[in-house]
Amino acid sequence: MLERLNQAMEHIEEHLDQRIEAAELARIAMTSEYHFRRMFSALAGMPLSEYIRRRRLTFAGAEVLAGDRTLLDVAVRHGYGSGEAFARAFRAMHGVGPGEARRTGAVLRSQPRMSFRLVVEGSSSMRYRIVEKEAFRVVGRKARVPLVHEGANPAIAEFVRGLDKDTVRRVGELSDQEPRGIVGVSDDLAASRAEGTELDYYHGVVTGVDAPEDLDALEVPAGSWAVFESSGPFPQALQYLWRDVFTQWFPSNPYRSRPGPEILRTRLSQDGARADAELWIPVEHTTR
């Protein structure tokens, strides 16, 4: 898998002055566009579109300083339809406009070319199982919240604190299948998975019963799920678990992620410092 990802990275380098389609990169990597975007974001620490933008602006910066082309020529060469759009993007990355950079020979920033490799430490193994589930629904309360990569998510914490105890009790009584009990469900995430992009968060249960009219519901079709177990400091261990699933488990196993919600079942220690968790990721088998 990593070899094919690196072939896709080579394609990016060879076509920085052309339109680069995520679908074509996924084809080279022999996976779905959905899975490719998620794998890239997890491995690179930034969305695919942001990496391509930064690589283009790295080359644009060198051309601006060289002075062989007009600024408009540089802008058009790197996919910008106007000098103003190019100047805004250039300043956002380099901290200075292209005209000023050329006049003063300013120090610019560079986005290094990336390649991926799997580091095998051998100090621990990931505990997982594959579960086939019939169609079900998530029933509970829903909120639109920003994505937070590190630390607690204040919007989710505030949302959960605002739920009245009677509602939580009624929701909990609807749980009738795995994962049992109250769960956190993330759905409708942006393809980029960039920090601050929004998602639908459900505080609810997995059930086969119809949702009461005053509660939110998410219909989930039948499919395969990879279920990962983790224990450790809260919330860091949970966020590291998600990272490890995409940077270690997927590159080493014949599965890829598929569209669908992610389900997190968490049980906190009495002091709230540690958690035992199950992370359910929708997957499909691939031919290696």
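**Group meeting: a walk through the strands, helices and loops**

Okay, let's start with a pair of strands: β6, residues 223-233, and β9, residues 274-285, run antiparallel and are joined by 10 bridges. If you want one spot to look at, find E229, whose bridge partner in β9 is E278. Before I go on, please keep in mind that this is a predicted model.

Let's stay with β9 for a bit. Which other strands pair with β9? One of them is β8, residues 262-268, which pairs with β9 in the antiparallel sense over six bridges. In that pairing, R267 has D276 of β9 as its bridge partner. Then there's β7, residues 255-257, also antiparallel to β9, with three bridges.

Now, β8 and β9 form a hairpin, with five residues between the strands. Within that hairpin, G272 takes a positive phi near 75°.

Let's zoom out for a second. The protein chain has 10 helices and nine strands. Its C-alpha atoms fill a box of roughly 70 × 45 × 35 Å along the principal axes. There are 288 residues, and 45% of them count as buried.

On to the helices. At what angle do α1 and α4 pack? For α1, residues 2-14, and α4, residues 48-66, the angle is about 40°, and the axes are 11 Å apart. That angle makes α1 oblique to α4. The crossing of the two is right-handed. Who's touching whom? From α1 you have M9, I12 and E13, and from α4 you have L48, Y51, I52, R55 and F59. Sort those by class and you get six nonpolar residues, two charged ones and no polar ones.

α2, residues 22-29, and α3, residues 33-44, cross at roughly 90°, and their axes come within 9 Å. So α2 is roughly perpendicular to α3. On the α2 side, the contact uses A22, A23, L25, A26 and A29, while α3 brings E33, F36 and R37. By class, this contact has six nonpolar, no polar and two charged residues.

Now slide along to the loop between α2 and α3, where you'll find M30.

D188 isn't a glycine, and its phi is positive, near 55°. At 45% relative accessibility, D188 counts as partly exposed.

A couple of loop stops before I sit down. P179 is in the loop between α9, residues 165-172, and β3, residues 183-187. Look at the peptide bond from E178 to P179: that bond is cis, with omega near -15°.

Last stop is G79, in the loop between α5, 71-77, and α6, 83-94. G79 is exposed, with a relative accessible area of 65%. Along the chain, G79 and R53 are 26 residues apart, and their C-alpha atoms are separated by 9.6 Å.

Technical notes
Residues numbered from 1 in each chain as written. Predicted model: local features only at pLDDT ≥ 70, side-chain atom pairs only at ≥ 80, totals over all residues. Heavy atoms only, no water. Pairing = 2+ DSSP bridges. Helix = DSSP H or I, 4+ residues; strand = E, 2+ residues; numbered from the N terminus. Axes fitted to C-alpha atoms, helices over the stretch in contact; angles between N-to-C directions. Parallel < 35°, antiparallel > 145°, perpendicular 65-115°, else oblique. Left-handed = near helix turned anticlockwise from the far one by under 90°. Contact = heavy atoms within 4.5 Å. Nonpolar A, V, L, I, M, F, W, Y, C, P; charged D, E, K, R; others polar. Buried < 20%, exposed > 50% of the residue type's maximum accessible area, 1.4 Å probe, protein only.
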